[in-house]
Amino acid sequence: MENKQKIKIDQIELKSPFLLAPLAGITDSPFRRICKEQGAAMVYSEMISAKGLYYKDKGTDRLLAYAPEEEPIACQLFGSEPDIMAWAVEHLSSRGHCLIDVNMGCPVPKVVKNGEGSALMKEPALAAEIIRRMVEAEARAAKKAERNPKPITVKCRIGWDQKSINVLDFAKRMEEAGAAAIAVHGRTREQHYAGKADWEQIAKVKDIVGIPVIGSGDVFSALDACDMLEKTNCDMVMIARGALGNPWIFREADALYQGQPIPARPSSEEMAAVIQKHYQLTIEEKGERQAVLEMRKHIGWYIKGLPGAAEIRRRVNQLTKGEELRELLSSYFKDSGFC
């Protein structure tokens, strides 16, 4: 696949079109760093509550932290109150995030019941007002700081349900409100992550807006990622579940995009080394006990499909001590030097 043009969101130029999606409870700093090393062009913070920031929730504020090697990194906010969303933009002015993305696609009930996430697909006028207010707030903050404004972008779904697919109108409203790009997950809220993502709707959005369109949904391989670019004409691809236990998807997708051979799948030695680094980064970030708990799900994803994976997952999920985890994985990867 030939690289023909620069990949940009406003003034942010990216080295490839493949981005790591924001995933609450998953895309923390250690995982983002692993994906960046494997070629992710841009990563996003976990989903951050604007209201949590406003009320000075310490846990929410911690989600903003990142390491320099993660740059360029976007901050993703969620909320439904224009005043608070605008306040959050100014509050984040001094942070180094390259852009602020607004989550209007999260299907989780506890988010939706507050009128946030994908609930905003049912309130396009309110969604547009949120973006307008955020763009204005960012312009004020940038002027005060004597810098260029950061882009405000949107992530949404194609509609609330199959009877109310409204992404075309919604995308136009976001563009008119000042959004610098829009990411479209090709499912409705009611689908959650079931069924097949509708890439045709992503293509239709690309046809009617002048801002960059980021496609999302059912990207589990390098071929999927490049197929989405070709079939939808979208500008970038946001990879979510396809990166779980598989950060190598980014280097593979970029190679295919550049017309180069897809690198070989990771050897057991490389996989073991990446798991080891992921675990160590998590210890440094959260302490050993929490790292063991956090790594349970990641290890399950890393070893999915490998011999004996089901038994290792079962045993890993019972562990609480770092030494036990290291011993188990050392045994499993005995030929790869994991320690």
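Select Arg-187 to begin: at 1% relative accessibility this residue counts as buried (buried means under 20% relative accessible area, exposed over 50%, partly exposed in between, with a 1.4 Å probe and protein chains only). You are looking at a predicted model, in which local features need pLDDT of at least 70, side-chain atom pairs count only at pLDDT 80 or more, and totals for chains, interfaces and linings use all residues. Residues are numbered from 1 along each chain as its sequence is written, and side-chain values use heavy atoms, with hydrogens and water left out.

**Around Arg-187**

Colour strand E9, residues 182-188, and you will find Arg-187 within that strand (helices, H or I with at least four residues, and strands, E with at least two, are DSSP runs numbered from the N terminus). Now show Gly-195: its backbone oxygen lies 2.7 Å from a polar atom of the Arg-187 side chain. That is a polar contact, meaning a pair of N or O atoms within 3.5 Å; within protein, one must be able to donate a hydrogen and the other to accept it, and residues adjacent in sequence count only if both atoms are side-chain atoms. Leaving aside neighbours within four places in sequence, Arg-187 is in contact with residues including Arg-157, His-192, Tyr-193, Asp-218 and Arg-241 (contact means heavy atoms within 4.5 Å).

Next, step to Gln-191, in the loop between E9 and helix H8 (199-208). A polar atom of the Gln-191 side chain lies 3.0 Å from the backbone nitrogen of Thr-188. Not counting residues up to four places away in sequence, Gln-191 touches Gln-162, Gly-186 and Lys-196.

**Over to Thr-27**

Select Thr-27, in the loop between strand E3 (18-20) and helix H1 (29-37). Is Thr-27 buried or exposed? At 0% relative accessibility, Thr-27 counts as buried. The side chain of Thr-27 has a polar atom 2.9 Å from the backbone nitrogen of Leu-23.

**Aromatic stops**

The whole structure has five aromatic pairs (rings of Phe, Tyr and Trp, the last by its six-membered ring, pair if their centres lie within 6.5 Å; planes under 30 degrees apart count as stacked, over 60 as edge-to-face and the rest as tilted). Display Phe-18 and Tyr-257: the ring centres are 5.8 Å apart and the planes stand at 85°, so this pair is edge-to-face. Phe-18 sits in strand E3 and Tyr-257 in helix H10 (residues 249-257), 239 residues apart. Both Phe-18 and Tyr-257 are buried.

Then pick Trp-248 and Tyr-302, an edge-to-face pair with 6.1 Å centre to centre and 65° between the planes. Trp-248 is in the loop between E11 and H10 and Tyr-302 is in helix H12 (residues 288-302), so the pair ties together parts 54 residues apart in sequence. Finish this stop with Tyr-54, Tyr-55 and Trp-87, which form one aromatic cluster.

**The largest pocket**

Finally, select Pro-22, Leu-23, Ala-24, Cys-106 and Tyr-193, which lie nearest the centre of the largest pocket among its 37 lining residues (a pocket, on a 1 Å grid over the protein atoms alone, is an open set of points with protein on both sides within 12 Å along at least five of seven lines; lining residues have an atom within 4 Å of a point). Strand E6 (73-78), helix H5 (109-112), strand E8 (152-159) and strand E11 (236-239) each give two or more residues to this lining.

Conventions. On a 1 Å grid over the protein atoms alone, a cavity is a set of points where a 1.4 Å probe fits but cannot get out, and a pocket is an open set with protein on both sides within 12 Å along at least five of seven lines; lining residues have an atom within 4 Å of a point.
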